[in-house]
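Please go through this model with me, one question at a time.

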Amino acid sequence: MWKFTLNVKGMSYGHWVQAIEGSIGELKGVEKVFVALEYAKVTVQFDADAAYLEKIKETIDDQGYNVE
């Protein structure tokens, strides 16, 4: 199991937290997602054999946010 924290620009409202947690949480292999809105960070715990970090980043980008 891997745990990774990403810096994400553009999040400023609580409903965006739900959108990110929901979209990433649906990816195969993702176990947990936590968005810290006040710190602009998204922490994802995932099975590296089933989920890929690039797919997680792409999913955040697709929601309209910038991953650094």
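**Questions on packing and burial**

Phenylalanine 46 is found in strand E3, where strands (E, at least two residues) and helices (H or I, at least four) are DSSP runs numbered from the N terminus. This is a predicted model, in which local features need pLDDT of at least 70, side-chain atom pairs count only at pLDDT 80 or more, and totals for chains, interfaces and linings use all residues. Residues are numbered from 1 along each chain as its sequence is written, and side-chain values use heavy atoms, with hydrogens and water left out.

Reader: Is phenylalanine 46 buried or exposed?
Author: Buried means under 20% relative accessible area, exposed over 50% and partly exposed in between, with a 1.4 Å probe and protein chains only. Phenylalanine 46 has a relative accessible area of 2%, and therefore the residue counts as buried.

Reader: At what angle do helix H1 and helix H2 pack?
Author: Axes are lines fitted to C-alpha atoms, for helices over the stretch in contact, and angles run from 0 to 180 degrees between N-to-C directions. Helix H1 covers residues 14-25 and helix H2 residues 53-62, their axes are 10 Å apart, and the angle is about 145°.

Reader: Which residues of H1 and H2 make the contact?
Author: On the H1 side the contact is made by Ile20, Ser23 and Ile24, and on the H2 side by Ile56, Thr59 and Ile60.

Reader: Is isoleucine 60 buried or exposed?
Author: Isoleucine 60 is found in helix H2 and touches Leu6, Val8, Ile20, Ile24, Val42, Tyr65 and Val67, again not counting residues up to four places away in sequence. Because its relative accessibility is 0%, isoleucine 60 counts as buried.

Reader: Where is alanine 40 found?
Author: Alanine 40 has a positive phi of about 55° although it is not a glycine, while most residues other than glycine have a negative phi. At 24% relative accessibility, alanine 40 counts as partly exposed. Alanine 40 is found in the loop between E2 and E3.

Terms used: Contact means heavy atoms within 4.5 Å.
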